[in-house]
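Okay, thanks everyone, let's get going.

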Amino acid sequence: MTKKPDRVRILMIPYQDYDDKDPVGYSGPATVLTGLPRNIRRNELRLIVPLTDSTIYEMEKREEFPRRFNLTPRCIVWDLEEVEAWLEQRRQTCFEGRAKIAPGPDVHQRKARPVKQTDRSSD
């Protein structure tokens, strides 16, 4: 008799009800076999990476984010291991102080409510 592989629940989707009494018998979308590659769809990616679709698309074009691929003409997925590795790389970059942070806006160039120049030389 062969031993069934261990299953691990990696993502809890709040609107689904899970039976914790039989984790081996459940094979829904939130349970995977350990050791097998796992692909995630867009709704799962949004739960993991808090970026908009357009930002992810632009980062993919610049090769700064893992590339999506088509399973079928209408099903687009990302490799979960690649996404997790990207997140870990971003985390390490931030902790090491090498992360690029966007500069604040130049408030002097605003057309609405422009910043008034003050004369500080008279103080």
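I'll start with the overall layout, then go to one helix, and finish with the salt bridges.

First thing to keep in mind: this is a predicted model. The protein chain has 3 helices and 5 strands, and if you read along the sequence you get β-β-β-α-α-β-β-α. Of its 123 residues, 20% count as buried. The chain exposes about 10,400 Å², with carbon and sulfur atoms supplying 53% of that. On contacts: take the pairs at least 6 apart in sequence, and 40% of those contacts join residues at least 24 apart.

Okay, on to helix α2, which covers residues 53–61. Which of its residues are buried? They're I56, M59 and E60. Look down the axis of α2 and these buried residues fall within an arc of 105°, so they line one face of the helix. What do they pack against? That would be α1 (42–48), β5 (75–79) and α3 (80–95).

Now, E60 deserves a minute of its own. This glutamate sits in α2, and it counts as buried because its relative accessible area is 3%, with the cut-off at under 20%. Setting aside neighbours within four places in sequence, E60 is in contact with F65, P66, R67, R68 and W78. One of those contacts, R68, also pairs with E60 in a salt bridge, 2.7 Å from N to O.

As a reminder, side chains of opposite charge can pair when their charged atoms come close. There are 8 salt bridges in the structure. Take R38 and E44: their closest N and O atoms are 2.8 Å apart. R38 is buried, at 13% relative accessible area, and E44 is buried too, at 8%.

Compare that with E88 and R91, whose side chains meet in a salt bridge at 2.7 Å, N to O. These two both lie in helix α3, 3 residues apart, which is about one turn of the helix. Here E88 is partly exposed at 35%, and R91 is partly exposed at 40%. And then there's a network: salt bridges with shared partners join R42, R46 and D53.

That's what I had, happy to take questions.

Technical notes: Residues numbered from 1 in each chain as written. Predicted model: local features only at pLDDT ≥ 70, side-chain atom pairs only at ≥ 80, totals over all residues. Heavy atoms only, no water. Buried < 20%, exposed > 50% of the residue type's maximum accessible area, 1.4 Å probe, protein only. Helix = DSSP H or I, 4+ residues; strand = E, 2+ residues; numbered from the N terminus. Arc of directions from axis to C-beta. Contact = heavy atoms within 4.5 Å. Areas by Shrake-Rupley, 256 points an atom, 1.4 Å probe, with all protein chains shown as cover. Salt bridge = Lys/Arg side-chain N within 4 Å of Asp/Glu carboxyl O.
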